[in-house]
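Reader: I would like to learn how to read pockets, ring pairs and charged contacts in a model. Could you take me through them one at a time?

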Amino acid sequence: MELLQLRYFCALAESQHLSNTAKKLMIAPPSLSLTISKLEAELGVKLFNREKRTIYLNENGRLFYSKIKQSLELMDDAVREMNEIRHQTDNTIRIALTSPLIWNQFFQEFQLSYPDIRLDSTVISLDELNSSDFKYDFFMGNGWDINESGWTIERLGKLETTLLLVSKLHPYAARKTIAVDELKNETFITLGDDNPTTDYFVQKLCSAYGFKPKRIIKANYFTRISHLKQNDGVVLISDLGFSKHFINDGTIHKIKVNDTKYRRYQTIAWKDNAVHSKACAEFLNIVLDYYRNV
């Protein structure tokens, strides 16, 4: 007798509809029927009555279901408890990021000071961030990127200043400040899949001021600089992003954007009660203390 047989039996017992149960289990109806027949053969009793195209539990099936369902629930509870114990003693912190370069310095300093706690960081898309199946301990990134409920969010640092980067060849190269409305006819350079938040930032900022970007060039970390220097377009970025991503060699001019509607801020965030281990709680306290003093 196999565990899978018992799970299939319970699923069929609860729906008493072969095709619907097979669809839910993502198997073919004949395969489900064969699994149940083998289980009945092994037990030596029929668990279901079959009449034409209908199937329903008989007295033996109801008795067997009451016992097996309880046993499976106890087993699942035991597995959950073991997983909780494992998480409580696991010193690995799983962190989701959308802009990894922003956190490099902190991660390096943290690992030097706390070598017993391992940081496992992964760059994810915005769709993954806002998925109901978020599988990380923390998200560290822009608070505006979180669209779903069920998060606890702590801001790290101040609101960021929005900057426009242009080539020295650009007509705006002498400007010190600029209004968002003046960018309606500009071509924007973003990082595409390398960092989808850059594209999202452009879209949201323009939308906040009532227009759509005329054109977007999707580059990577290396070609973005080339496009910018060649005056192919402009880059919207925060002052924090600029300090982490650019070394200004004199060919790029930065302009402060007069933005009052969509200023970004960095956060550490987690789903519901996800701070479930001693390591997670310690990491959270260290992050908050670190950014209070930066």
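Reader: Let us start with the second largest pocket: how much space lies in it?

Author: About 220 Å³. On a 1 Å grid over the protein atoms alone, a pocket is an open set of points where a 1.4 Å probe fits, with protein on both sides within 12 Å along at least five of seven lines, and lining residues have an atom within 4 Å of a point. Grid points are joined across faces, edges and corners, and the volume is the space filled by probe spheres set on the points. Keep in mind that this is a predicted model, where local features need pLDDT of at least 70, side-chain atom pairs count only at pLDDT 80 or more, and totals for chains, interfaces and linings use all residues. Residues are numbered from 1 along each chain as its sequence is written, and side-chain values use heavy atoms, with hydrogens and water left out.

Reader: Which residues line the second largest pocket?

Author: The lining consists of L12, Q16, H17, L18, S19, S33, I36, R50, K52, R53, T54 and I55. Two or more residues each come from α2 (18-25), α3 (29-43) and β2 (54-57); helices (H or I, at least four residues) and strands (E, at least two) are DSSP runs, numbered from the N terminus. By type, the lining holds four nonpolar, five polar and three charged residues. Here Ala, Val, Leu, Ile, Met, Phe, Trp, Tyr, Cys and Pro count as nonpolar, Asp, Glu, Lys and Arg as charged, and the others, Gly among them, as polar.

Reader: Now the rings. How many aromatic pairs are there?

Author: Rings of Phe, Tyr and Trp (its six-membered ring) pair if their centres lie within 6.5 Å; planes under 30 degrees apart count as stacked, over 60 as edge-to-face and the rest as tilted. That rule gives 19 aromatic pairs. F242 and F246 are stacked, because their ring centres are 5.7 Å apart and their planes meet at 20°. Y290 and Y291 pair edge-to-face, with 4.9 Å centre to centre and 70° between the planes.

Reader: Which charge lies over the face of F201?

Author: A charge sits over a ring if NZ of Lys or CZ of Arg is within 6 Å of the ring centre and within 35 degrees of the ring normal. R264 lies over F201, at 3.8 Å from the ring centre, and R155 lies over Y265, at 4.4 Å.

Reader: And how many salt bridges does the structure have?

Author: Side chains of opposite charge can pair when their charged atoms come close. The rule asks for a side-chain nitrogen of Lys or Arg within 4 Å of a carboxyl oxygen of Asp or Glu, and the search finds seven salt bridges. One of them joins R292 to D289, with the closest N and O atoms 2.6 Å apart. R292 and D289 are three residues apart in helix α10 (residues 278-292), so about one helical turn separates them. Another salt bridge links K46 and E40, at 3.9 Å; K46 is exposed at 52%, whereas E40 is buried at 3%. E40, K46 and R50 form a network of salt bridges, and R50 also lines the second largest pocket.

Technical notes: Buried means under 20% relative accessible area, exposed over 50%, partly exposed in between (1.4 Å probe, protein chains only).
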